[in-house]
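Visitor: Hi! I'm new to this one, could you show it to me and walk me through it?
Guide: Happy to, here it comes.

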Amino acid sequence: MTGWRQKRSVMQRYNLTSHMYEERYREEQEAKYAAALDGLNLTPGSKVLDVGCGTGLFLSHITSCVDTAVGVDVSKQLLLIAKKCTKNLGNVLLVLADADHLPFKEAVFGFVFTFTVLQNMPKPEVTLKQIRKVAAMDACFVVTGLKATVSLEAFGELLDASGLLPTSLKNGDALRCHVVQCIQRQ
Ligand SMILES: C[S@@+](CC[C@H](N)C(=O)[O-])C[C@H]1O[C@@H](n2cnc3c(N)ncnc32)[C@H](O)[C@@H]1O
(Lines give C-alpha, C1' and ligand atoms only; values in the text may rest on other atoms or scores of the structure.)
Protein backbone atom coordinates (compact mmCIF):
# COMPACT_ATOMS: atom_id res chain seq x y z
CA MET A 1 0.00 0.00 0.00
CA THR A 2 1.36 3.41 -0.99
CA GLY A 3 3.09 5.22 1.93
CA TRP A 4 1.37 3.03 4.51
CA ARG A 5 3.72 4.07 7.32
CA GLN A 6 2.81 7.74 6.84
CA LYS A 7 -0.87 6.88 6.55
CA ARG A 8 -0.82 4.82 9.72
CA SER A 9 0.78 7.64 11.66
CA VAL A 10 -1.81 10.14 10.33
CA MET A 11 -4.59 7.71 11.24
CA GLN A 12 -3.24 7.26 14.77
CA ARG A 13 -2.96 11.03 15.22
CA TYR A 14 -6.57 11.60 14.20
CA ASN A 15 -7.77 8.68 16.31
CA LEU A 16 -6.01 10.07 19.38
CA THR A 17 -7.28 13.63 18.92
CA SER A 18 -10.77 12.76 17.69
CA HIS A 19 -12.51 13.99 20.86
CA MET A 20 -11.31 17.56 20.28
CA TYR A 21 -11.56 17.74 16.49
CA GLU A 22 -14.81 19.66 16.22
CA GLU A 23 -13.99 22.06 19.02
CA ARG A 24 -10.72 22.92 17.30
CA TYR A 25 -11.71 22.95 13.67
CA ARG A 26 -15.47 23.34 13.23
CA GLU A 27 -15.42 27.09 12.55
CA GLU A 28 -12.46 26.85 10.19
CA GLN A 29 -14.02 23.98 8.23
CA GLU A 30 -17.46 25.59 8.03
CA ALA A 31 -15.95 28.61 6.27
CA LYS A 32 -14.56 26.20 3.68
CA TYR A 33 -17.93 24.47 3.23
CA ALA A 34 -19.64 27.80 2.55
CA ALA A 35 -16.99 28.63 -0.06
CA ALA A 36 -17.22 25.14 -1.56
CA LEU A 37 -21.00 25.20 -1.95
CA ASP A 38 -21.19 28.69 -3.40
CA GLY A 39 -22.60 28.32 -6.93
CA LEU A 40 -22.83 24.51 -6.78
CA ASN A 41 -26.13 22.96 -7.75
CA LEU A 42 -26.72 20.07 -5.34
CA THR A 43 -30.14 18.54 -6.05
CA PRO A 44 -32.40 15.92 -4.39
CA GLY A 45 -31.00 13.40 -6.89
CA SER A 46 -27.32 14.08 -6.16
CA LYS A 47 -24.99 11.33 -5.05
CA VAL A 48 -22.22 12.89 -3.02
CA LEU A 49 -18.90 11.56 -1.78
CA ASP A 50 -16.87 13.27 0.96
CA VAL A 51 -13.35 11.85 1.02
CA GLY A 52 -11.72 12.23 4.44
CA CYS A 53 -15.07 13.13 5.99
CA GLY A 54 -13.77 13.19 9.57
CA THR A 55 -16.58 13.70 12.07
CA GLY A 56 -19.14 14.17 9.29
CA LEU A 57 -19.46 17.94 9.68
CA PHE A 58 -19.84 18.51 5.96
CA LEU A 59 -22.18 15.56 5.46
CA SER A 60 -24.53 16.98 8.08
CA HIS A 61 -24.60 20.26 6.13
CA ILE A 62 -25.69 18.78 2.82
CA THR A 63 -27.66 15.66 3.66
CA SER A 64 -31.09 17.33 3.50
CA CYS A 65 -30.64 18.47 -0.11
CA VAL A 66 -29.14 15.35 -1.73
CA ASP A 67 -30.09 11.75 -2.46
CA THR A 68 -27.14 10.00 -0.84
CA ALA A 69 -24.14 11.33 1.05
CA VAL A 70 -21.23 8.95 1.52
CA GLY A 71 -18.31 9.70 3.81
CA VAL A 72 -15.00 7.87 3.74
CA ASP A 73 -12.29 8.20 6.33
CA VAL A 74 -9.30 6.23 7.58
CA SER A 75 -9.85 7.19 11.24
CA LYS A 76 -12.25 4.86 13.02
CA GLN A 77 -12.57 7.23 15.99
CA LEU A 78 -13.58 10.17 13.81
CA LEU A 79 -16.05 7.95 11.97
CA LEU A 80 -17.62 6.85 15.26
CA ILE A 81 -18.32 10.50 16.02
CA ALA A 82 -19.70 10.94 12.48
CA LYS A 83 -21.92 7.90 13.02
CA LYS A 84 -23.35 9.37 16.20
CA CYS A 85 -23.97 12.78 14.60
CA THR A 86 -25.65 11.36 11.51
CA LYS A 87 -27.58 8.48 13.07
CA ASN A 88 -30.96 10.09 12.43
CA LEU A 89 -30.19 10.93 8.84
CA GLY A 90 -31.41 8.18 6.55
CA ASN A 91 -29.23 8.93 3.55
CA VAL A 92 -25.73 9.03 5.04
CA LEU A 93 -23.34 6.12 4.61
CA LEU A 94 -19.97 5.98 6.35
CA VAL A 95 -17.09 3.84 5.19
CA LEU A 96 -13.76 3.12 6.86
CA ALA A 97 -11.27 3.15 3.99
CA ASP A 98 -8.11 4.67 2.63
CA ALA A 99 -8.65 7.50 0.15
CA ASP A 100 -6.21 5.83 -2.23
CA HIS A 101 -8.32 2.65 -2.29
CA LEU A 102 -11.92 3.75 -2.52
CA PRO A 103 -14.25 0.75 -2.35
CA PHE A 104 -16.81 1.98 -4.87
CA LYS A 105 -17.76 1.22 -8.44
CA GLU A 106 -16.40 3.55 -11.08
CA ALA A 107 -18.31 6.64 -12.19
CA VAL A 108 -20.89 6.63 -9.38
CA PHE A 109 -20.79 10.07 -7.74
CA GLY A 110 -21.99 13.35 -9.21
CA PHE A 111 -20.25 15.48 -6.56
CA VAL A 112 -17.02 14.74 -4.78
CA PHE A 113 -15.58 16.84 -1.97
CA THR A 114 -12.33 16.55 -0.13
CA PHE A 115 -11.62 19.14 2.56
CA THR A 116 -8.15 19.50 4.09
CA VAL A 117 -7.13 15.93 3.35
CA LEU A 118 -4.48 16.04 0.64
CA GLN A 119 -1.75 17.35 2.97
CA ASN A 120 -2.02 13.97 4.72
CA MET A 121 -1.60 11.88 1.61
CA PRO A 122 1.81 10.53 0.53
CA LYS A 123 0.99 11.11 -3.15
CA PRO A 124 -1.89 13.56 -3.55
CA GLU A 125 -1.84 13.07 -7.30
CA VAL A 126 -2.55 9.35 -6.83
CA THR A 127 -5.37 10.19 -4.43
CA LEU A 128 -6.98 12.63 -6.84
CA LYS A 129 -6.77 10.10 -9.66
CA GLN A 130 -8.52 7.54 -7.45
CA ILE A 131 -11.18 10.09 -6.61
CA ARG A 132 -11.72 10.80 -10.30
CA LYS A 133 -12.33 7.11 -10.96
CA VAL A 134 -15.38 6.91 -8.72
CA ALA A 135 -16.83 10.17 -10.04
CA ALA A 136 -19.15 10.43 -13.02
CA MET A 137 -17.61 11.93 -16.13
CA ASP A 138 -19.57 15.16 -15.65
CA ALA A 139 -19.04 15.29 -11.88
CA CYS A 140 -18.24 18.43 -9.93
CA PHE A 141 -15.32 18.28 -7.51
CA VAL A 142 -14.34 20.53 -4.67
CA VAL A 143 -10.76 20.01 -3.59
CA THR A 144 -8.99 22.06 -0.94
CA GLY A 145 -5.30 22.61 -0.34
CA LEU A 146 -4.04 23.80 3.02
CA LYS A 147 -2.33 27.14 2.45
CA ALA A 148 0.30 26.37 5.09
CA THR A 149 1.48 23.36 3.09
CA VAL A 150 0.93 24.24 -0.56
CA SER A 151 1.16 27.44 -2.59
CA LEU A 152 -1.67 28.30 -4.94
CA GLU A 153 0.65 27.75 -7.89
CA ALA A 154 1.75 24.29 -6.70
CA PHE A 155 -1.86 23.37 -5.94
CA GLY A 156 -2.90 24.40 -9.45
CA GLU A 157 -0.12 22.22 -10.87
CA LEU A 158 -1.30 19.27 -8.76
CA LEU A 159 -4.88 19.63 -10.01
CA ASP A 160 -3.66 19.88 -13.57
CA ALA A 161 -1.45 16.78 -13.24
CA SER A 162 -4.43 14.92 -11.78
CA GLY A 163 -6.68 15.72 -14.73
CA LEU A 164 -8.82 18.29 -12.93
CA LEU A 165 -9.78 21.59 -14.48
CA PRO A 166 -10.50 24.42 -12.01
CA THR A 167 -13.72 26.32 -12.61
CA SER A 168 -13.71 28.50 -9.50
CA LEU A 169 -11.27 29.45 -6.76
CA LYS A 170 -11.92 30.85 -3.30
CA ASN A 171 -8.98 31.58 -1.07
CA GLY A 172 -9.68 34.83 0.78
CA ASP A 173 -7.95 35.60 4.06
CA ALA A 174 -10.74 34.01 6.10
CA LEU A 175 -9.99 30.62 4.52
CA ARG A 176 -7.04 28.49 5.58
CA CYS A 177 -7.32 26.49 2.36
CA HIS A 178 -7.43 27.19 -1.33
CA VAL A 179 -10.96 25.98 -2.12
CA VAL A 180 -11.22 24.97 -5.76
CA GLN A 181 -14.26 23.75 -7.68
CA CYS A 182 -13.22 21.58 -10.63
CA ILE A 183 -14.46 19.36 -13.41
CA GLN A 184 -12.62 16.52 -15.13
CA ARG A 185 -10.51 17.36 -18.13
CA GLN A 186 -12.06 15.45 -21.08
C1 LIG B 1 -8.13 17.99 8.66
S2 LIG B 1 -9.16 16.58 8.71
C3 LIG B 1 -10.53 17.12 7.72
C4 LIG B 1 -11.78 16.35 8.04
C5 LIG B 1 -13.02 16.79 7.27
N6 LIG B 1 -12.77 16.76 5.85
C7 LIG B 1 -13.54 18.12 7.71
O8 LIG B 1 -13.88 18.94 6.86
O9 LIG B 1 -13.67 18.34 8.93
C10 LIG B 1 -8.35 15.42 7.65
C11 LIG B 1 -9.13 14.14 7.51
O12 LIG B 1 -8.49 13.29 6.56
C13 LIG B 1 -8.57 11.97 7.01
N14 LIG B 1 -7.55 11.16 6.36
C15 LIG B 1 -6.23 11.28 6.49
N16 LIG B 1 -5.59 10.34 5.76
C17 LIG B 1 -6.56 9.63 5.12
C18 LIG B 1 -6.56 8.52 4.23
N19 LIG B 1 -5.41 7.94 3.84
N20 LIG B 1 -7.72 8.06 3.76
C21 LIG B 1 -8.90 8.62 4.18
N22 LIG B 1 -8.97 9.66 5.04
C23 LIG B 1 -7.81 10.17 5.50
C24 LIG B 1 -8.35 12.13 8.51
O25 LIG B 1 -8.69 10.97 9.24
C26 LIG B 1 -9.20 13.34 8.80
O27 LIG B 1 -10.54 13.00 9.03
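Visitor: How do the residues of the shell around the ligand divide into nonpolar, polar and charged?
Guide: There are 13 nonpolar, 6 polar and 3 charged residues in that shell. Here Ala, Val, Leu, Ile, Met, Phe, Trp, Tyr, Cys and Pro count as nonpolar, Asp, Glu, Lys and Arg as charged, and the others, Gly among them, as polar. Please keep in mind that this is a predicted model: local features need pLDDT of at least 70, side-chain atom pairs count only at pLDDT 80 or more, and totals for chains, interfaces and linings use all residues. Residues are numbered from 1 along each chain as its sequence is written.

Visitor: Which residues come nearest to the ligand?
Guide: Of the 22 residues around the ligand, those are Gly52, Gly54, Val74, Ser75 and Ala99. A residue is near a molecule or strand if its C-beta atom, placed from the backbone, lies within 6 Å of it.

Visitor: And which helix gives the most to that shell?
Guide: That's H1, with 3 residues. Helix H1 (4–17), helix H2 (21–37), helix H3 (57–62) and strand E2 (68–73) each supply at least two. Helices (H or I, at least four residues) and strands (E, at least two) are DSSP runs, numbered from the N terminus.

Visitor: New topic: why is strand E4 largely enclosed?
Guide: Because 6 of the 6 residues of E4 (residues 109–114) are buried, the rest of the structure largely encloses this strand. Buried means 20 or more other C-beta atoms within 10 Å of the residue's own; exposed means 12 or fewer, and partly exposed is in between, with C-beta atoms placed from the backbone.

Visitor: In what sense do E1 and E4 pair?
Guide: Strand E1 (residues 47–51) and E4 pair in the parallel sense, over 3 bridges. Two strands pair if DSSP finds at least two bridges between them. Val48 has Phe111 as its bridge partner in E4. E4 also runs parallel to strand E5 (residues 135–146), with 5 bridges joining them.

Visitor: What is Leu94 in contact with, leaving aside its neighbours within four places in sequence?
Guide: Those contacts are Gly71, Leu79, Ala82 and Lys83. Contact means that the C-beta atoms of two residues, placed from the backbone, lie within 7 Å.
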